[in-house]
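Here is a walk through one protein chain. Keep the sequence and the 3D view side by side as you read.

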Amino acid sequence: MAAVGGVVVAEKSSAADLYGSGQLTDWTTLSREISSAATIAYARDNDGVYMFGDSIAVQDGRELTIRLKARTGSPLAMHNWSGRPTLFAVDALENWALKYRLPRRILMATGTNDIFNPPVLAAQVDRTMRIAGPTRTVVWVNTQVARTGQPVPVQVADQRNSGWVNLQLYDAQKKYPNLRIVGWAEYLAAKPSLLPQCLSEGVHTTVPFGQNARNELIVQGLATANAA
């Protein structure tokens, strides 16, 4: 098994690799960025944002905090964990809802690690929306994965499974008017010549170019939710 920038994959496919991208393995010992109780309370009480993300968010979260604060004045509290699939990010959201209560905007920057089992995402989006309720806005960053260090068939599977994950998000948006999608995948598809400048290994953002581009999209999505 190998961990590539926090995305945990099997180096070779196996009988359990149903979707061609490998298998998700133990992510629980990987890097994380979790805000203190004081930061969480400050975000909640000052019209801030709770963020739940994976390794891309671990890498980019601090710069996003600075950009969001400078642009909108909103503080950000983070629960980001490398390698984590969405199921467990939603568990963290549920825990914070019970322990701290929720602000009116939730940022979900998760889905990358669901390429290993794409069909599970829809239920987790539904669960997220139930926890958030109809009066809060959920801003969700969609997924683009095609790991350049993997064989071509795996890269093709990554891309197909990313699209499958994203399709479930767009299907959910038809049901939930308070779900907003940040189109990271669409941004990259529209600028194919910039792909090597935006992604370092087909997953994580380059720093600072890709990081700035993705964080700017997120800030715009949160600002739009703020105005709604």
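Start at Arg 101, which sits in the loop between H3 and S6. With a relative accessibility of 53%, Arg 101 counts as exposed. Its backbone deserves a look too. Phi of Arg 101 is positive, about 75°, although the residue is not a glycine. Most residues other than glycine have a negative phi.

This is a predicted model, and a word on confidence belongs here. The mean pLDDT of the protein chain is 93. Of its residues, 92% reach 70 or more. Residues 1-15 are another matter: there pLDDT stays under 50. The model still has 42 contacts beyond four places in sequence for residues 1-15. Where pLDDT is low, the predicted coordinates should not be read in detail.

Stay in the loop between H3 and S6, where Arg 104 also lies. Arg 104 is partly exposed, and its relative accessible area is 30%. Leaving out residues up to four places away in sequence, Arg 104 touches Asp 47, Arg 136, Thr 137, Ala 225 and Asn 226. Now look for Gly 20. Arg 104 and Gly 20 are 84 residues apart in sequence, and 38 Å separates their C-alpha atoms.

One of the contacts of Arg 104 is Asp 47. Asp 47 belongs to the loop between H1 and S4. Its relative accessible area is 34%, so Asp 47 counts as partly exposed. Phi of Asp 47 is near 55°, again a positive value in a residue other than glycine.

Next, step into helix H3, the place of Ala 97. Beyond residues up to four places away in sequence, Ala 97 touches Leu 102 and Ile 131. Ala 97 and Ile 131 are 34 residues apart along the sequence. In space, their C-alpha atoms are 7.5 Å apart.

Now turn to the nonpolar cores. The largest has 27 residues. Which of them touch the most other members? They are Tyr 50, Phe 52 and Met 108. A second, separate core has 22 residues, including Leu 64, Met 78, Ala 109 and Leu 222.

Look at Met 108 in more detail. Residues up to four places away in sequence are again set aside. Met 108 then touches Phe 52, Ala 89, Val 90, Leu 93, Thr 128, Val 138, Val 139, Trp 140 and Val 141.

Where is space left empty? Rolling a probe the size of a water molecule over the atoms shows this. A search of the whole structure finds one cavity of 30 Å³ or more. The largest cavity holds about 50 Å³ of space. Its lining includes Asp 54, Ile 56, Ala 109, Thr 110, Gly 111 and Thr 112. Val 141, Asn 142, Thr 143, Gln 144, Trp 184 and Arg 214 are also part of the lining. By class, the lining of this cavity has four nonpolar, six polar and two charged residues.

One is Thr 143, in the loop between S7 and H5. Is Thr 143 buried or exposed? Thr 143 is buried, because its relative accessible area is 3% and buried means under 20%. Leaving aside neighbours within four places in sequence, its contacts include Thr 110, Gly 111 and Thr 112. Others among them are Ile 115, Ser 162, Val 165, Asn 166 and Ala 185.

Gln 159 is in helix H5 and is partly exposed, with a relative accessible area of 36%. Arg 147 is twelve residues from Gln 159 along the chain, and 8.8 Å separates their C-alpha atoms.

The largest pocket holds about 220 Å³ of space. Fifteen residues line this pocket, and the closest to its centre are Leu 24, Asn 113, Phe 116, Asn 117 and Val 120. Its lining has nine nonpolar, five polar and one charged residues.

Finish at Pro 208, in the loop between helix H7 (195-198) and helix H8 (209-227). A cis peptide bond joins Val 207 and Pro 208, with omega about 10°. Most peptide bonds are trans.

How values were computed. Residues are numbered from 1 along each chain as its sequence is written. This is a predicted model: local features need pLDDT of at least 70, side-chain atom pairs count only at pLDDT 80 or more; totals for chains, interfaces and linings use all residues. Side-chain values use heavy atoms; hydrogens and water are left out. On a 1 Å grid over the protein atoms alone, a cavity is a set of points where a 1.4 Å probe fits but cannot get out, and a pocket is an open set with protein on both sides within 12 Å along at least five of seven lines; lining residues have an atom within 4 Å of a point. Grid points are joined across faces, edges and corners, and a volume is the space filled by probe spheres set on the points. Ala, Val, Leu, Ile, Met, Phe, Trp, Tyr, Cys and Pro count as nonpolar, Asp, Glu, Lys and Arg as charged, and the others, Gly among them, as polar. A nonpolar core is a set of buried Ala, Val, Leu, Ile, Met, Phe, Trp, Tyr and Cys residues joined through side-chain atoms within 4.5 Å. Buried means under 20% relative accessible area, exposed over 50%, partly exposed in between (1.4 Å probe, protein chains only). Contact means heavy atoms within 4.5 Å. pLDDT is the predictor's confidence in each residue, from 0 to 100. Helices (H or I, at least four residues) and strands (E, at least two) are DSSP runs, numbered from the N terminus.
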